[in-house]
Amino acid sequence: MFGAKGDIKMAMTYKEKILNRIENDSGSVFIADDFFDITGYETVRSTLNRLADKGTIKRIIKGIYYKPKYFEILDDYESPSIPKVAKAIARKYNWNIAPSGNTALNLLGLDTQVPSKWSYISNGRYVTVQVGNTTIEFKHRNGAEISNMTEDTAMVIQAIKTIGKGKVTENKIDHLKTRLSKDQKENLLNESKSASKWIYAIIRKICEE
C-alpha cells in the first residue's frame, strides 16, 4: 500500500514537472522526447494526451503539441509557429533539416512574401504535413547538403541557390552581412567549403569585414 502511494506521488511529481516546463515556455512546440529527462515514454505520452484532452495544450498532428499563447488584445490564441513545428517534426524522426526555396528567403528577410508552402530539405524521407491551412514539405536530399553544418549555414546556401547564379545582388549580400552575427559568419565560412565555387565566392563576400 505504501509503495502504491509512493508511485502515485512520483507520478504527480512527473506531471507537475512536465506541466511547469510547458507553462514556462508559452508558444513552444514539443514532442514526447523533449521530456525524457523527466520520466519515461509512457508517463510522458499519457500526461501529454491528458493535457491535450483537457485543452491545456493543443495537438497539432499526432505526436506534436504546442502551448498556445493567448493575446488579450485580440481575445484569441496565437497559431503555432510553422518553423517550430518543422523543427519538432525533425526532432521526432531524428532528421537534419534546413529551410529551402522561398522559405529560406523569407526567414532570412530576403523576401517578405510569406510562402504558401513551407519547404525544407531533409536527410529523411519525402513527406508533406498539413498544419491547418499550411503545408510543410520535407524534400529528401543527400546528406552532404545538410550534414556537418549548422541550420543557418545550410539555409544561407539554399537561399543563394534559390536566387540563382549571377542574380545575387550587392544589396542582398549587404543584407546578409548585417543579418548574420559574427559567429554565424564564422560557421558559414568554415562549413560551406564543399559548396559550389560560385556559391562559396558569394559566401566569402558575405563574411568579409
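This report walks through a predicted model of one protein chain, from its overall layout to a few selected parts.

## Overall layout

The protein chain has 209 residues, and 40% of them are buried. Its secondary structure comes to 8 helices and 9 strands. Along the principal axes, the C-alpha atoms fill a box of roughly 75 × 40 × 35 Å.

Contacts can also be sorted by distance in sequence.

Strand β7 covers residues 117-122. This strand is mostly covered, with 5 of its 6 residues buried.

β7 pairs with strand β6, which spans residues 97-99. That pairing is antiparallel and runs over 3 bridges. Here P99 stands opposite Y120 of β7. β7 also pairs with strand β9, residues 134-140. This pairing is parallel and runs over 6 bridges. In it, W118 stands opposite I136 of β9.

## Helices α5 and α7

Two packed helices are described by the angle between their axes and the distance between the axes. Helix α5 holds residues 151-163, and helix α7 holds residues 182-191. Their axes come within 9 Å. They cross at roughly 70 degrees. Angles of 65 to 115 degrees count as roughly perpendicular, so α5 and α7 are roughly perpendicular to each other. The crossing of α5 past α7 is right-handed.

Which residues make the contact between α5 and α7? From α5 come D152, T153 and V156. From α7 come Q184, N187, L188 and E191. By type, the residues of this contact divide into 2 nonpolar, 3 polar and 2 charged.

## A closer look at R179

R179 lies in helix α6, which spans residues 170-179. Is R179 buried, exposed or partly exposed? Its relative accessible area is 42%. Buried means under 20%, and exposed means over 50%. R179 therefore counts as partly exposed.

Now set aside the neighbours of R179 within four places in sequence. R179 is then in contact with L107, L108, G109 and Q184. Q184 is also one of the α7 residues in the contact with α5.

I22 gives another reference point for R179. The two residues are 157 residues apart in sequence. In space, they are 31 Å apart, C-alpha to C-alpha.

Technical notes:
Residues numbered from 1 in each chain as written. Predicted model: local features only at pLDDT ≥ 70, side-chain atom pairs only at ≥ 80, totals over all residues. Heavy atoms only, no water. Axes fitted to C-alpha atoms, helices over the stretch in contact; angles between N-to-C directions. Helix = DSSP H or I, 4+ residues; strand = E, 2+ residues; numbered from the N terminus. Parallel < 35°, antiparallel > 145°, perpendicular 65-115°, else oblique. Left-handed = near helix turned anticlockwise from the far one by under 90°. Contact = heavy atoms within 4.5 Å. Nonpolar A, V, L, I, M, F, W, Y, C, P; charged D, E, K, R; others polar. Buried < 20%, exposed > 50% of the residue type's maximum accessible area, 1.4 Å probe, protein only. Pairing = 2+ DSSP bridges.
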